Each structure stands twice: as C-alpha cells, then as structure tokens.
Amino acid sequence: KNILANIQEASKKEKKLLAILLDPDKSTLDEAGLISERIKKINANFIFVGGSFVEKGITNLFVEELKKHTNIPIVLFPGDYSQVTNKADGLLFLSLLSGRNPEYLIEQQIKAVPYLKNSTLEIIPTGYILIDGGTNSSVLKVSKTTPISQKNIDLVVSTAVAGMYKGKQLIYLEAGSGAKNVVNPAIIAAVKKQLKIPLIVGGGIRTKTQLTNAYKNGADLVVIGTAFENNII
Ligand code: 1GP
C-alpha cells in the first residue's frame with residue numbers, strides 16, 4: 001500500500017500523474033476488460049472509481065471485475081460512504097472543505113467507519129475543494145454547497161492551506177464533472193505555491209492544452225472522467 005507515497009515521490013520529482021475516473025453507474029460489468037485496455041494504452045497511473053449517484057452494491061462488483069483485468073491501482077473516490085469497498089487498493093477519504101454542509105465535512109466520514117473496520121484499503125485524508133466550473137455539477141447538487149468563485153483565488157488558497165494544516169495529505173481542486181470551465185491555471189499556481197502536499201486537479205479537462213496547463217501550473221495529478229467516457233482521449 002503505497003499510493004500516497006508514490007504520489008508524494010512523483011510530486012517531489014515533478015513527474016506528472018494521471019488518473020482516469022470511472023463512474024460504476026455509467027458502465028456495465030462486461031465493459032471492464034475493454035475499459036482496462038484503454039486505460040493501459042493511455043498510461044494512466046491510477047483508476048479512480050466513484051460517482052455522485054451510484055446504486056448501492058454496484059461499486060463493489062465493478063471494482064471486483066476491473067481487478068480481473070488490470071494491475072493499475074484502484075482508488076475509491078466515493079460520492080458517499082456506501083461506495084466504500086475493500087476490493088479497491090485505496091480510498092480518498094474526502095472532506096468537502098469548500099462547503100458548509102456538515103454532512104460532507106464529517107457525517108459521511110463517520111458513517112464510513114463501520115465499512116472500514118478490518119479494511120486493507122490505504123486511507124488517504126484528502127481536502128476536496130469545489131470551484132465554480134460554470135455548470136450545475138452533480139457534486140453541487142448532491143452536496144448542496146456553493147462552489148468557490150474562480151475569481152476568489154485568496155479563498156481557494158486559504159481553504160487549501162487550512163486543509164493542509166488540518167492534516168490532509170492531498171488537496172483536490174474540483175471544477176465538477178463535465179465542467180464548462182476548468183480550474184483556472186492561475187488558481188492552480190497560487191495554491192501550489194502555498195502547498196507542501198501534492199495537488200490533484202480535475203473537472204472538465206478534455207484537451208491536451210488543458211492537461212498541459214494544469215501540469216505546468218502545479219497539478220501533480222490530473223483526473224479525467226468525462227473525456228474518457230466520451231472516447232475523446
Ligand atoms: C470529476 O474531477 C473529476 O470529479 C473529473 O471530471 O468528468 O469533467 O473529467 P470530468
């Protein structure tokens with residue numbers, strides 16, 4: 001179990017990482033082989049699995065099936081505690097720091113604990129920060145929180161740094177799945193400057209230029225979901 005250590009090491013060496021996000025609700029089990037092949041070709045470092053509205057029990061089956069086809073580490077990126085499965089390798093233990101809804105700051109985390117008893121998952125404390133991506137993303141709807149404006153760089157930076165002081169090991173800047181506007185490179189750069197922990201960026205990234213810009217400005221790991229689903233990458 002060395003997912004976090006690998007991300008930290010890559011960040012130190014400025015080696016950029018890529019994760020493909022799969023939503024178990026949007027793929028069928030018999031697609032797992034094909035999906036794994038495509039991810040291998042892209043040379044992704046991680047497979048993230050999660051979604052905002054995943055039917056109970058589906059994540060477990062989906063990860064189990066994926067595992068038959070791939071050795072790429074599978075990291076859970078759960079929309080809620082019921083998506084936790086021991087079949088994966090790691091878990092982003094998320095707190096939605098940009099929001100003021102206790103359900104996603106601490107309640108969901110408490111509900112996850114019984115699922116984590118005797119778990120072998122690598123649990124990675126992650127500060128999750130929602131930035132306005134110009135679309136009414138599902139995170140927004142489900143969490144009933146307000147994203148931080150792209151103009152409010154200071155607030156994004158303070159939120160990220162507060163997360164680091166609270167002991168988060170990763171900070172995730174999220175524009176929302178399928179976002180119209182990606183996280184502004186100026187925000188990525190400003191956050192990165194103040195952060196001593198690795199930075200994840202995702203939401204709406206669909207072109208090579210957007211990917212390169214995220215990396216150039218300080219993203220250590222970029223997450224791509226929708227563009228992979230739509231066969232754009
Ligand atoms: C969403 O950051 C991820 O949680 C990925 O977003 O689906 O827009 O690539 P996309």
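UniProt positions are given here in the numbering used for this chain, feature names are shortened, and annotations may be inferred rather than shown by experiment. The model is predicted, so to speak of local features we need pLDDT of at least 70, side-chain atom pairs count only at pLDDT 80 or more, and totals for chains, interfaces and linings use all residues. Residues are numbered from 1 along each chain as its sequence is written.

I'll start with two annotated residues. The unreviewed UniProt entry puts "binding site" on Asp-23 and Ser-52. They are spread over 30 residues of sequence, yet they cluster in space, with a largest C-alpha distance of 8.5 Å. Asp-23 sits in the loop between strand E1 and helix H2 (32-42); helices (H or I, at least four residues) and strands (E, at least two) are DSSP runs, numbered from the N terminus. Asp-23 is buried, because 23 other C-beta atoms lie within 10 Å. The cut-offs are these: 20 or more other C-beta atoms within 10 Å of its own makes a residue buried, 12 or fewer exposed, and anything in between partly exposed, with C-beta atoms placed from the backbone. Ser-52 is in the loop between strand E2 (46-49) and helix H3 (58-67), and it counts as partly exposed because it has 18 C-beta neighbours inside 10 Å.

Now contacts, meaning that two C-beta atoms, placed from the backbone, lie within 7 Å. Not counting residues up to four places away in sequence, Asp-23 touches Gly-51, Val-54 and Gly-225. With its neighbours within four places left aside, Ser-52 is in contact with Gly-79, Ser-138, Val-139 and Val-142.

Next, the ligand. Which residues are closest to the ligand? Of the 14 that surround it, the closest are Ser-177, Gly-202, Gly-203, Gly-225 and Thr-226. A residue counts as near a molecule if its C-beta atom, placed from the backbone, lies within 6 Å of it. Strand E8 (221-224) and helix H9 (226-229) each supply at least two residues of this shell. UniProt, again in an unreviewed entry, lists a "binding site" that includes Ser-177, Gly-203, Gly-204, Gly-225 and Thr-226.

Two of those residues are worth a look. Gly-204 lies in the loop between strand E7 (199-202) and helix H8 (208-216), and it counts as buried because it has 24 C-beta neighbours inside 10 Å. Beyond four places in sequence, its contacts include Gly-133, Ala-175 and Lys-180. Thr-226 lies in helix H9 and counts as partly exposed, with 19 C-beta neighbours inside 10 Å. Leaving aside neighbours within four places in sequence, Thr-226 is in contact with Ser-177, Gly-178 and Arg-206.

Then helix H1, residues 3-12. Its buried residues are Ile-3, Leu-4, Ile-7 and Ser-11. Those residues cover an arc of only 100° around the axis, which puts them on the same side of H1; the arc is that of the directions from the helix axis to the C-beta atoms. The face turned away from the buried side carries the exposed residues Ala-5, Glu-9 and Lys-12. Among the elements covering the buried residues of H1 are strands E1 (17-22), E5 (122-130) and E8. After H1 comes Glu-14, with a positive phi near 55°.

Last, the whole chain. The protein chain has nine helices and eight strands. Buried residues make up 46% of its 233 residues. Of the contacts with a separation of 6 or more, 72% are between residues 24 or more positions apart.
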